[in-house]
Amino acid sequence: MHRATGILAATLAALALAGCAGRTPALRAQAAGTPIEVHVLAFNDFHGNLEPPGLTVPETGADGATVETPAGGAAWLAATIAGLRQQARHTITVSAGDLTGASPFVSSQFLDEPTVAAMNLIGIDLNAAGNHEFDRGADELLRLQHGGCGKQAIISGTAIPCRLEPFKGAKFTYLAGNTVKADGSTLFPGTAIREFREGGRRVRIGFIGLTTRTTQTLVNPAGLHGIRFGDEADTANAAVAKLKAAGADAIVVLIHEGGAQLAGPNDCRGLSGAIRPILDRLDPRVDLIVSGHTHRSYICDYAQYLPGKPFLLTSAGKYGTLVTDAVLAIDPVKHRVVAKRARNVTVRDRDVAGDAKVAALVARYAAAAAPLAARPSGRLTEALPRPADGAGMAETRLGNLIADSELAATRRDGAVIAFMNPFGIRAGLTPKPDGTVTFEDIYRVTPFGNMLQVRRYTGAQLRAVLEQQFDRRIILSVAGMTYAYDAARPAGSRILDVRVGGVPLDDRASYRVALSDFLAFGGDGFSTLAAGELVAGGPVDVDALRDYVVAHSPLTPPQTGRIADRTAR
């Protein structure tokens, strides 16, 4: 926490006030009530992007034209935050979740330890746990907080804690107020209070950390050990009352849930998404909501949507490309926020020098990861893009390729069908000019380290799974199976002409299906998949994909056409 910038100025101000003892009581009261400004520096959804992610942020140039500015990278994030701290007397640095999880190779190969170390160097104070931070289970997230080198049971593949150096854990605090264990306690603290002083005056800010309650369906439940994710608004409202009773002058909610808007990073037109019903129920004593999860950027005066809820709502996009500078002006006498404002600041990774210590840390881990990352892993005849955001209801060639690889890896255990969920695909697969793909290229596509399983289902259960896709708004990629659907028909009758190996599906027959352990435990809300009987375990999904590409090189990716949409237009 950067509270002490400008100590000399504060001292001089205190002396000046002491010298004004002869002034009228009214003037002295006015000076005492002068607002103290605290800058809440915030970002979200960093996802272990230690190196610049190759993204741009739209900015308005001097001529009024929009310019796409390259942005991101941990060293430049550190430098941007340091620059903002230099401009303010009081700051606190926070994150709205997903600092880690679904991370690029340099971070995830080391179980995201280098990202935690980078955040320690940057000096963040609080992080609301996001859904992806539970990807390797609650115990592994506890290790990231407290340190240590014990390998948790849910960690698959060859990942080993402390591979490069001892891991001491996060110096910052994870908050997770609605992440509730079986005994009713929370996995991490739900709240925190921080105090800021100017001379003899002080203000206190209460922070509430929340995780999207959909986490229960977004991560492998085997790693949650009975943890449930409570209602966000109910949890926050209960915490507001306690923080106010404890003397908090302002309330900030850090929530890993968010929305989307129609305009630029400092706008809020057309706000939609899961954050809105939460805010509609939120205690109006909340002053600032730092959000995330949707990877969008916005600055929003929520009073334009609900006049009785004048929240300042922010989000800083993704991958450390933006930092929100949110300012709360707090009256230390009346103990309330009297003004607030915010802006999103671009993390420039070209024309600004990065932080040397963070850059050295990233370089050390990148060098250690390089030999495995560069290992040739077959050849492709063409590139396969990642499914577009919001394209969960569309069949894709990359999804079909991954399903093919899972089926090939499990045929020895009798699998005849494979399922792949679209949101498990984190990047496209782009070969080098000669067609070569590296292990890092493959890894980017499926970075979760999911273990494959073979499970037995009846034909009727498989038909129910296909029907459930429309409730979940997710189309699974398939291998070994074809079918058609008519989305306009009543539920229970939308799936048509299902064939396995070219033969019509028999509702009474038994079929062996390859799928990730994430889906096998009911991930993405596919509860019917959790009912299948476990037959055998398989390899890690990324290894299956690599082996398939190598075995079929040069591989021509499969086309779409396994799923036919017969909905009347």
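Me: Which strands does H13 lie across?
Reply: H13 lies across strand S22 (481-485) and S23, and runs at about 135 degrees to S23. The labels come from DSSP: helices are H or I runs of at least four residues, strands are E runs of at least two, and both are numbered from the N terminus. Axes are lines fitted to C-alpha atoms, for helices over the stretch in contact, and angles run from 0 to 180 degrees between N-to-C directions. Contact means heavy atoms within 4.5 Å.

Me: What should I know about the model itself?
Reply: This is a predicted model, where local features need pLDDT of at least 70 and side-chain atom pairs count only at pLDDT 80 or more, while totals for chains, interfaces and linings use all residues. Residues are numbered from 1 along each chain as its sequence is written, and side-chain values use heavy atoms, with hydrogens and water left out.

Me: In what order do the strands of the open sheet run?
Reply: The idea of pairing comes first: two strands pair if DSSP finds at least two bridges between them. Here the open sheet of 4 strands has the order S24-S23-S22-S27, with mixed pairing. Strand S24 (503-504) and strand S27 (563-565) are the edge strands, each pairing on one side only. Strand S23 (residues 495-500) pairs with S24 in the antiparallel sense, over 2 bridges. Val500 stands opposite Val503 in S24.

Me: Which residues does Arg472 touch away from its sequence neighbours?
Reply: Arg472 is found in helix H13 (residues 459-472). Beyond neighbours within four places in sequence, Arg472 is in contact with Thr217, Asp524, Gly525 and Phe526. Phe526 is 54 residues apart from Arg472 along the chain, yet their C-alpha atoms are separated by 7.8 Å.

Me: At what angle do H5 and H10 pack?
Reply: Names for angles have limits: under 35 degrees is roughly parallel, over 145 roughly antiparallel, 65 to 115 roughly perpendicular, and the rest oblique. H5 and helix H10 (residues 356-373) pack at about 170 degrees, with their axes 10 Å apart. H5 and H10 are therefore roughly antiparallel to each other. H5 brings Pro114, Ala117, Ala118, Leu121 and Ile122 to the contact, and H10 brings Lys357, Val358, Leu361 and Tyr365. As for classes, Ala, Val, Leu, Ile, Met, Phe, Trp, Tyr, Cys and Pro count as nonpolar, Asp, Glu, Lys and Arg as charged, and the others, Gly among them, as polar. The H5 and H10 contact has 8 nonpolar, no polar and 1 charged residues.

Me: At what angle do the axes of H11 and H15 cross?
Reply: The axes of helix H11 (residues 397-410) and helix H15 (residues 541-551) cross at roughly 95 degrees and come within 8 Å. H11 and H15 are therefore roughly perpendicular to each other. Their contact has 7 nonpolar, 1 polar and 3 charged residues.

Me: Which residues of the largest nonpolar core touch the most other members?
Reply: A nonpolar core is a set of buried Ala, Val, Leu, Ile, Met, Phe, Trp, Tyr and Cys residues joined through side-chain atoms within 4.5 Å. The largest one has 76 residues, and Phe43, Leu77, Met119, Phe134 and Tyr174 touch the most other members. A second, separate core has 27 residues, among them Tyr457 and Phe518.

Me: Which way do the side chains of S12 point?
Reply: In a regular strand the side chains alternate between the two faces of the sheet. In strand S12 (residues 288-291), Leu288 and Val290 point one way, Ile289 and Ser291 the other way, and all are buried. Strand S11 (residues 250-256) pairs with S12 in the parallel sense over 4 bridges. Val290 in S12 is the bridge partner of Leu254.

Me: Where is His47 placed?
Reply: His47 is in the loop between strand S1 (36-43) and strand S2 (55-60). His47 has a positive phi of about 50 degrees although it is not a glycine. His47 is also buried, at 0% relative accessible area.

Me: Which peptide bond is cis?
Reply: The bond from Ser553 to Pro554 is cis, with omega near -10 degrees. Pro554 is found in the loop between H15 and S27.

Technical notes:
Buried means under 20% relative accessible area, exposed over 50%, partly exposed in between (1.4 Å probe, protein chains only).
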